[in-house]
Amino acid sequence: MLKLPPLSLYIHIPWCVQKCPYCDFNSHVLKGELPHQEYVDHLLADLDADRPLAGDRKISTIFIGGGTPSLLSPKALQALLSGVCSRICVVDNAEVSIEANPVTMESDRFSSYQYAGVNRISIGIQSFNTDKLICLGRLYNEQEAKYSANLVSKLNLRSFNFDVMHGLPKQSLEEALSDLRQAIALDPPHLSWYQLTIEPYTLFGSLSPVLPNDDTLWDIFECGHQLLLDAGYQQYEISAYAKLNHQCQHNLNYWRFGDYIGIGCGAHGKLTFRNGCILRTTKTKHPYGFMQGKYRDKQYDVEFADRPFEFFMNRFRLLEAVPRIDFISYTGLKEDVIRQQLDTALIKGYLNETSECWQITQKGRLFLNTLLELFILN
Ligand code: SF4
């Protein structure tokens, strides 16, 4: 019998004003007015269809991501969150996050979001350098980035995050650190500081822009990481840094192999059942199909042979130790199944093991893909 992990809710808003050249998220350029209420109605109908999968479980966190969710009108967001709460029980004081783009930042809009129940905002700043923002296809400049960052810091939210990228085309060490210093100066409780990766099927994928070389990337990481530590942040995941008690609870639940219902275009879900099943769901990707009422596109049970890789792929992103009991409780497998793989990881110095937990080492983090490949049993 499986133990049920915490349950989160992810809500996808699939539109953006413009497609950024590096983006491979499920985002579609908005043509005309966003169908605010119509899309909210579909999201709630999608939740109605998934609702039986949750039984009597409560939602512990909500994350509204995209796309650009802050294109949603305050009225639509209010209807969405109250619709969610009338359909499924949400724990008191749940973390409720929304992603925002500096282009859409207006103080009235965010006060209304707060009034609707949002208590955490994540702003995709990416850079404070206007030339880099142009290169990234972002539709704001350095002043607007700072304005939005300042605005959110004054909203008296439970927490907020800035996304800042590094390793940008032709970026020097000093430029990358300057972005980070400016972000730190605004004192966000949480910073997602991540390296640009070039994904296939994006504009950057076909243009192949000139990126900093490996030595510069390493210097950026080492110096930036130290800047963050000196400023009082703790790294708790590959790209996530937080002040004390400001880790993103929603993302933590993903990485701890928690459960989530995913509603909206292309949203993914994972649900554990006491009978031993772990169900994964995917929703219809394109707004056109989704808004025809065809919500669930695919679903499948996660086979036992796939569970070790899926479990560790999430858990080893985190720097915290992995309780050995969690592997058994959340995958339904015995440790014997992966004993040989664990021993290899221990011998290679990727992991340390105690009677209670496994701890990924510095070497394990550097060779994360090799470590994870050990757990592909099929
Ligand atoms: S704003 Fe975000 S989701 Fe939209 S295109 Fe840019 S990176 Fe992608």
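Leaving aside neighbours within four places in sequence, which residues is I261 in contact with? This is a predicted model, and in it I listed L7, S8, L9, Y10, L47, D50, A54, I59, I88, H268 and L271 as contacts of I261.

Next I checked the cores. I261 is among the residues that touch the most other members of the largest nonpolar core, along with I11, I62, L77, V84, I121 and F162. That core has 68 residues. I also found a second, separate core of 22 residues, which includes V302, F327, I338 and W358.

Then β1, residues 7–13. I get seven of its seven residues as buried. L7, L9, I11 and I13 sit on one side, with S8, Y10 and H12 on the other, so I noted that side chains in a regular strand alternate between the two faces of the sheet. Both faces of β1 are covered.

Who are the partners of β1? I found β11 (residues 259–263), joined to β1 by five bridges and running parallel; S8 has Y260 as its bridge partner there. I also found β4 (residues 59–66), parallel to β1 over seven bridges, where I13 is partnered by G66.

Last stop, another sheet. I read an open, antiparallel sheet of three strands in the order β15-β17-β16. The edge strands are β15 (322–323) and β16 (351–353), each pairing on one side only. Two bridges join β15 to β17 (residues 357–360), and V322 stands opposite W358. I also logged helix α13 (residues 336–347), which lies across β16 and β17 and runs at about 115° to β16.

Notes:
Residues numbered from 1 in each chain as written. Predicted model: local features only at pLDDT ≥ 70, side-chain atom pairs only at ≥ 80, totals over all residues. Heavy atoms only, no water. Core = buried A, V, L, I, M, F, W, Y, C linked by side-chain atoms within 4.5 Å. Buried < 20%, exposed > 50% of the residue type's maximum accessible area, 1.4 Å probe, protein only. Contact = heavy atoms within 4.5 Å. Pairing = 2+ DSSP bridges. Helix = DSSP H or I, 4+ residues; strand = E, 2+ residues; numbered from the N terminus. Axes fitted to C-alpha atoms, helices over the stretch in contact; angles between N-to-C directions.
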